[in-house]
Amino acid sequence: MSGAALGLEIVFVFFLALFLLHRYGDFKKQHRLVIIATLLAWYLCFLIVFILPLDVSTTIYNRCKLAVNSSPAESNGSYVTLAPSKQKCFKPWSYIPNGIMPIFWRVVYWTSQFLTWILLPFMQSYARSGGFSITGKIKTALIENAIYYGTYLLIFGAFLIYVAVNPNFNLQWNQLQTIGIAAANTWGLFLLVLLLGYGLVEIPRSHWNGAKRGYLLMKTYFKAAKLMTEKADAEENLEDIMEEVRKVSESIKYNHPLRKCVDTILKKCPTEYQERMGRNMDDYEDFDERQNSYPSEKSLVKLHKQVIYSVQRHRRTQVQWQILLEQAFYLEDVAKNETSATRQFVHTFRSQEPENKIIQYFYTPTIEWYWECLLRPWFYRVLAVVLATFSVIVVWSECTFFSTRPVLSLFAVFIQLAEKTYNYIYIEMACFLTIFFLSICVYSTVFRIRVFNYYYLASHHQTDAYSLLFSGMLFCRLTPPLCLNFLGLTHMDATISHRNTQPTAYTSIMGSMRVLTFIADGFYIYYPMLVVILCIATYFSLGTRCLNLLGFQQFMGDSEMTSDLIDEGKELIKREKRKRQRQEEGENRRREWKERYGNRDDSTRNRVVHTDQKESSFSETSINRPLSKYTRSNGRTERDRIELLQDAEPLDFNADLINDDPLELDSGR
């Protein structure tokens with residue numbers, strides 16, 4: 001089993017990242033490089049989270065071997081861990097051989113850092129560029145990232161000059177590398193605590209509120225009102241952009257040098273607009289530079305960028321509106337079926353997607369009623385209590401993980417108790433649950449946040465390339481400090497535990513933070529305590545209230561604006577429900593008509609076809625008989641027909657006889 005667990009997790013994490021990317025991205029329409037870069041970023045970050053527990057168990061086993069091989073005197077002086085008996089020091093099932101983990105962490109870490117600081121920002125500018133050629137897009141991306149890259153180079157150059165001039169510093173390459181890692185982790189830890197403070201409160205609260213009757217339905221009404229406003233805005237914006245495209249398409253003719261750029265823009269437009277513009281085009285008119293003022297290539301690049309953005313936004317709002325309607329109809333069905341005496345779940349509308357027969361066989365209407373109306377609220381309450389307990393443990397450990405005597409961090413207590421008995425399965429499960437919960441709190445916040453319309457992760461393949469790449473950047477910057485924070489909570493980091501023991505392979509790659517003591521002993525220790533203040537602010541919804549005061553409508557139960565939007569959304573859902581009911585009634589009437597008169601029409605049609613076949617066969621036989629009878633005189637009759645045609649006089653055609661008035665024709669007859 002040596003290394004088998006590592007291989008299995010590598011394969012599993014790859015398919016997990018691929019599944020999530022398929023849910024948010026669009027493999028058919030988005031560029032392959034965008035998909036590959038985002039998949040690689042997500043894959044590496046998820047891989048770090050899943051492999052780190054194996055690193056912890058392997059490190060504990062290596063410590064055990066060192067303690068066994070050393071003498072008791074050396075054990076008391078060099079290693080704090082007591083020398084156990086050789087029977088207790090057995091190899092874990094997921095043991096990874098020496099030398100593999102350092103190389104693995106080095107490749108994964110530096111690849112993720114290259115993605116987040118160099119490649120992904122460049123690809124973001126490349127994806128948003130409206131250039132018509134690869135060279136133009138690369139040029140635009142380089143110009144946009146010049147300030148971004150120049151700032152880092154300026155800071156790094158100033159630091160190198162300061163180190164070279166100051167004689168007190170004698171830094172080597174390894175120390176410079178550690179300083180760079182510490183700077184990146186400091187930036188990531190700053191953002192990590194902000195996202196973690198929100199997720200620790202919001203995730204348990206969302207599950208608790210999901211168990212309340214009517215809460216999800218009211219929130220869905222609120223979302224419907226906001227989404228309808230955004231949908232109307234997107235449609236209006238698309239109409240304005242398409243009008244500009246139409247004017248440009250009409251002004252730039254077929255033989256203009258920039259006509260290829262216009263054709264590229266037209267290909268990005270929706271099909272109905274393309275047909276409308278192509279119908280009004282007159283490609284036979286030549287352009288004249290002296291008569292008309294034509295747009296420049298720079299303005300076409302800007303228009304191309306606006307077309308891409310407006311079409312993506314319009315398509316996303318349309319899909320989200322349909323998904324929200326299905327969700328609202330289902331929640332209304334749940335509220336209606338709660339008082340059902342038959343205890344069978346009845347849907348108002350049939351599902352538009354084909355149902356799986358296996359799921360339909362096991363998930364019967366009775367089971368669906370018990371789950372949705374009876375068991376699901378209680379399940380969400382229990383889950384919310386469990387998540388809230390984890391959140392309290394995390395907050396307590398974040399505030400006390402620097403204390404080593406006594407050990408106050410609960411995660412460190414759990415790991416040390418398991419380390420004494422060398423229960424590797426328990427160690428790996430405890431480590432995995434801890435880091436998995438921290439990752440869920442942080443990553444779910446990344447999926448939930450929305451920065452206007454520039455960054456928004458929308459499910460059902462509606463996320464644009466810019467948002468996908470930006471999420472990859474955030475994951476690569478948040479995951480390393482998240483893992484270091486986890487190792488600090490469990491006292492597996494020697495910088496925190498102050499024990500002279502063998503570090504984990506991940507910590508050895510990060511280097512000793514003692515090079516920057518004010519970061520190792522100051523920022524890394526006391527800044528995570530800020531999570532308490534952030535959790536309190538999230539619990540009282542201070543951020544939501546501030547956004548509501550600034551004019552960004554947020555769902556708040558005690559707000560008049562929220563009540564008005566709920567009423568508006570309720571009316572919108574009613575209108576769409578009536579429209580859907582009329583459509584289904586029309587389909588049912590057509591189906592009943594086909595079932596009632598379809599067989600009769602088919603039988604009548606079959607009789608007519610059968611009669612025609614009989615007549616055609618009879619006519620064929622009647623025609624073939626005289627042909628067979630008068631075969632010998634065939635040549636003579638053909639000659640007589642030709643002579644008659646030659647002797648016939650031509651008709652005198654007079655155009656004056658033609659009359660268009662049908663009344664006069666009838667009278668003439």
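**Chat about a few residues in a predicted model**

Me: Where does Met 228 sit?
Reply: This is a predicted model, and in it Met 228 is part of helix 7, which covers residues 215-251.

Me: Is Met 228 buried or partly exposed?
Reply: Partly exposed, because its relative accessibility is 22% and buried means under 20%.

Me: What is Met 228 in contact with, beyond its neighbours within four places in sequence?
Reply: Trp 321 and Leu 572. Gly 569 is 341 residues away from Met 228 in sequence, yet their C-alpha atoms are 8.4 Å apart.

Me: And Glu 568, where is that one found?
Reply: In helix 21, residues 560-629. Glu 568 also belongs to a surface patch of negative charge, together with Glu 560, Asp 564, Asp 567 and Glu 571. Its relative accessibility is 36%, so Glu 568 counts as partly exposed.

Me: What's the phi of His 460?
Reply: Positive, about 60°, though His 460 is not a glycine. Most residues other than glycine have a negative phi. You'll find His 460 in the loop between strand 2 (455-456) and helix 15 (465-489).

Me: What about phi at His 491?
Reply: Also positive, at about 60°. His 491 lies in the loop between helix 15 and helix 16 (494-497).

Me: Why does His 491 count as buried?
Reply: Because its relative accessibility is 2%, and the cut-off for buried is under 20%. His 460, at 36%, counts as partly exposed.

How values were computed: Residues are numbered from 1 along each chain as its sequence is written. This is a predicted model: local features need pLDDT of at least 70, side-chain atom pairs count only at pLDDT 80 or more; totals for chains, interfaces and linings use all residues. Side-chain values use heavy atoms; hydrogens and water are left out. Helices (H or I, at least four residues) and strands (E, at least two) are DSSP runs, numbered from the N terminus. Buried means under 20% relative accessible area, exposed over 50%, partly exposed in between (1.4 Å probe, protein chains only). Contact means heavy atoms within 4.5 Å. Patches are made of residues with over 30% relative accessible area and no salt bridge: like charges are joined within 9 Å, nonpolar side chains (Val, Leu, Ile, Met, Phe, Trp, Tyr) within 5 Å. Accessible areas come from the Shrake-Rupley method with a 1.4 Å probe; for residues, only the protein chains shown count as cover. A salt bridge is a side-chain nitrogen of Lys or Arg within 4 Å of a carboxyl oxygen of Asp or Glu. Lys and Arg count as positive and Asp and Glu as negative; His and the chain ends are not counted. The place of a charge is taken as NZ of Lys, CZ of Arg, CG of Asp or CD of Glu.
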